[in-house]
Each structure stands twice: as structure tokens, then as C-alpha cells.
Amino acid sequence: MLLTVDIGNTNVVMGLMPQRGQLASHIRFPTDKRRTVEEFMESFEALVAMQHFDFSSVDGAIVSSVVPELTDSVVASVHAMAGKDPMVVRHDMNLGFSIDMDTPERLGADMIADAAGAVNDYDGALAIYDMGTATTCSVVSADKVYMGSIIMPGVVISQDALTAKASQLPFIKFEQPKHLIGRETVDCMRSGMVYGNAAIIDGLTARIADELGEPVTAVVTGGVSKLIVPACRGAAVHDPDLLLKGLWDLHELNSVSA
């Protein structure tokens, strides 16, 4: 059983994975950068006990973090609870692909994990969209070279900013709009969220294909992606478990090579 931990800007998600991409159980709690290691471990242990999270079958662990302030706390907590020293996703571990960027050490661990999962499941050049706190697009060539990224505000951040800055626009739930052209305010906003982000995926993928001079497969994961992908005009693949599969693959690659 593989213990996976994804430390994101909004939540920390810990799961037990019996096989690639499948979570048997998981717990989720808000990311809090202000806690000390001791405070984090105390709250973490209390949550684990309350959720009856079972570490007895864990034979390996891996941590993906985009919040450096919490990485050491989580690693210490995993070691204390599971008795394992987890791998921490890094740009210089065995990835299954190479990175051709000016500052590979600054590439997000979540984007590395997404790419690791994608290169095992999809052929050809890839545009990998992860719709989380930020929406990221990772570009991987057909010969498995990570060429670069595109980063933009995420759907939730954009919606929160719109509501906060525009007095007459309300907070809305993320749901499919009734029409492309909305006829009342809430549906207008939902249309902008769904079709606007779908158009971003369609447009960026077309531009990436133009720059590479070859067809590109769009793979979409994270957050509200299940609402966005059906609205895309291009052939976008929805893969909600992409990051988890990538963590499994990275652990397998580096366990063998260790």
C-alpha cells in the first residue's frame, strides 16, 4: 500500500493507494502555513485518529508539495505515523521524462507528478492542464521532454476576485450554465466560468500545436475540470486521477533505481 501526500496551496490530501491511481481512503485538511512542526503534527495526529486512518499496511510513501513551509512538517508526521521516510518529489529524481527549462528546480512538484502520469498513459506531444488554485499547463514533447509551462489564475481564484471586486456580482456555485449566452446574472457568470475556461484550453492547445508544429493532446485534471472539459470544442481528455498516477509512477521509478 502506497501512502501519498499532496500538499497544495488550498488543501493537504493524504491517501492510501493499493494500486495505480486508486485511493482506498483519504483525508483532507486545509493548508495552514503558519503552524510550527509541533502544532502541525499535533493537529495531524488528532485528525488521523478521528478518521481512523490505518497506516498498518503502508509499505512506501511519497510527498508532493508546492508549499515549502509545510514539507518538513508533513515528512516528519508521515515518519512518525507510518514509520516510513517518504520520498519527496523533486526535479532531479528519476521522472520518466527529461526537463528542458532554464530553472528546473523551480518547477512545481504537482506539475512534475502530472507529467509523470501523463507520459505513461498518452502518446505524442501533450498539453497537461491542472485546474487547481492556479491553472497550469505543462507542455511535454512527443519524445518526453518537459519543454515549459503556462501558469494563470485558477477558476476559483478568478471567481473569488470577480465577486470581491464587482459589487453587483454574487458568489455562485460551480454548476453547468443553462446556455452559452446567459439570460440572468448567475447563469452569465457560470457561462463565463465554464465556456471561458474551455476556450482557454482550446485556444492554448491550438497555439501550442502551432509552435511545436505537430498535433497536441490536451489532458485535463484537477478541481472543476469535470465541468470544463465537456464544454471544450477540441478533443480534451479528462483524467481526474492524473496526479495520483504520477505519484505512483514516481515512487515505482525511484524505488527500483534506489
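Colleague: How many residues does helix α3 have, and what span does it reach?

Modeller: Helices here are DSSP runs of H or I with at least four residues, numbered from the N terminus, and the expected span is 1.5 Å times one less than the number of residues. Helix α3, residues 109-121, has 13 residues and reaches 19 Å from its first C-alpha to its last, close to the 18 Å expected. This is a predicted model, in which local features need pLDDT of at least 70, side-chain atom pairs count only at pLDDT 80 or more, and totals for chains, interfaces and linings use all residues. Residues are numbered from 1 along each chain as its sequence is written, and side-chain values use heavy atoms, with hydrogens and water left out.

Colleague: Is α3 mostly covered or uncovered?

Modeller: Buried means under 20% relative accessible area, exposed over 50%, and partly exposed in between, with a 1.4 Å probe and protein chains only. In α3, 11 of the 13 residues are buried, including M111, I112 and V119, so the helix is mostly covered.

Colleague: Which residues touch the most other members of the largest nonpolar core?

Modeller: In soluble globular proteins, nonpolar side chains tend to be buried together. A nonpolar core is a set of buried Ala, Val, Leu, Ile, Met, Phe, Trp, Tyr and Cys residues joined through side-chain atoms within 4.5 Å. Of the 29 residues in the largest one, V89, F97 and L250 touch the most other members, and the largest share, 8 residues, comes from α3. Leaving aside neighbours within four places in sequence, L250 is in contact (heavy atoms within 4.5 Å) with residues including I112, A113 and A116.

Conventions. Helices (H or I, at least four residues) and strands (E, at least two) are DSSP runs, numbered from the N terminus.
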